[in-house]
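Hi everyone, thanks for coming. Today I'd like to walk you through one structure, piece by piece. Please have a look at it first.

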Amino acid sequence: MTTAVTSRPRSRGDSVRPFTVGALGFVLLGTGHLILSVVAASATPTQEQRDADTAMRESTFALMGLERTVLDVFNGMSIAMALLSVTCGLLILAALRHAPALVRRRTAFGWTALAASLTALAVSVLLLPPPPVVVLTVTSCAFALSLRRATTPSLGGTPGQSPPGGP
């Protein structure tokens with residue numbers, strides 16, 4: 001007796017859920033960084049940290065007529081990047097809420113989020129401690145999974161609309 005084995009096409013799954021995970025990863029990354037910065041600033045510094053802070057305060061440079069210490073620039077860039085990470089994550093979540101078709105189909109929106117996440121991951125692997133590496137690995141995988149599950153955009157038409165003559 002022979003039995004025919006047929007396979008059902010596998011469902012691609014929802015592409016919005018992993019994209020949401022990626023966006024929340026950006027929010028977590030920035031929020032975690034800001035919290036860690038506050039905790040570190042309020043803790044009693046070690047002698048090594050005091051020496052590093054002193055050296056960074058003594059080293060200054062001028063750019064466009066403004067003189068800043070290396071510590072000012074370090075702290076300013078750190079806080080600004082954390083805030084931008086939170087903002088990007090929140091903007092992605094808002095876009096998903098109002099236009100989920102942006103990630104149900106493979107669009108530049110999804111590819112841009114993945115590219116930003118992978119770029120930040122590469123920098124983190126080279127220069128940062130493990131927590132951002134872990135968060136950005138999960139974030140990058142989530143964006144990639146979302147793109148894998150998304151459908152290819154149809155020719156002619158905007159995301160979320162059926163092509164001419166389509167359903």
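**A walk through the model**

Let's start with D14, which lies in the segment before α1. Before I go on, a word on the source: this is a predicted model, in which local features need pLDDT of at least 70 and side-chain atom pairs count only at pLDDT 80 or more, while totals for chains, interfaces and linings use all residues. Residues are numbered from 1 along each chain as its sequence is written, and side-chain values use heavy atoms, with hydrogens and water left out.

Back to D14, then. With a relative accessible area of 34%, D14 is partly exposed; buried means under 20% relative accessible area, exposed over 50%, and partly exposed in between, with a 1.4 Å probe and protein chains only. Which residues does D14 contact, leaving aside its neighbours within four places in sequence? They are R104 and R149, where contact means heavy atoms within 4.5 Å. D14 and L145 are 131 residues apart in sequence, yet their C-alpha atoms are 9.7 Å apart in space.

Now the overall plan. The protein has 6 helices and 2 strands, and from the N terminus on the order is α-α-β-β-α-α-α-α. Helices (H or I, at least four residues) and strands (E, at least two) are DSSP runs, numbered from the N terminus. Of the 167 residues, 25% count as buried. Among contacts with a separation of 6 or more, 72% come from residues 24 or more positions apart. The accessible surface comes to about 11600 Å², and 67% of that belongs to carbon and sulfur atoms; these areas come from the Shrake-Rupley method with a 1.4 Å probe, and for residues only the protein chains shown count as cover.

Next, helix α1, residues 16-42. How far apart are the end C-alpha atoms of α1? They are 39 Å apart, which agrees with the 39 Å that its 27 residues should span at 1.5 Å a residue. The expected span is 1.5 Å times one less than the number of residues. The buried residues of α1 are V16, P18, F19, G22, A23, G25, F26, V27 and G30. As you look along that list, keep in mind that an α-helix has 3.6 residues a turn, so residues three or four places apart point the same way. The cover over the buried residues of α1 includes α3 (70-98), α4 (101-104), α5 (108-127) and α6 (130-149).

On to α3. In α3 the buried residues are L71, S78, A82, S85, V86, G89, I92, A95 and L96. They pack against α1, α2, β2 (66-69), α4, α5 and α6.

Let me pick out one of these, S78 in helix α3. Why does S78 count as buried? Its relative accessibility is 19%, and the cut-off for buried is under 20%. Apart from its neighbours within four places in sequence, S78 is in contact with H33 and S37.

How does α3 meet helix α2, residues 47-58? The two pack at an angle of about 105°, with their axes 5 Å apart. Axes here are lines fitted to C-alpha atoms, for helices over the stretch in contact, and angles run from 0 to 180 degrees between N-to-C directions. The two helices are therefore roughly perpendicular to each other; angles under 35 degrees count as roughly parallel, over 145 as roughly antiparallel, 65 to 115 as roughly perpendicular, and the rest as oblique. D53, M56 and R57 in α2 meet V70, L71 and F74 in α3.

For a contrast, look at M64, in the loop between β1 (60-63) and β2. M64 is exposed, with a relative accessible area of 80%. Its phi is near 55°, a positive value in a residue other than glycine.

G110 is in α5 and is buried, with a relative accessible area of 2%. Not counting residues up to four places away in sequence, G110 touches F19 and L147. S124 is also found in α5, and this residue is buried at 3% relative accessible area. Leaving aside neighbours within four places in sequence, S124 is in contact with P132, V133 and L136.
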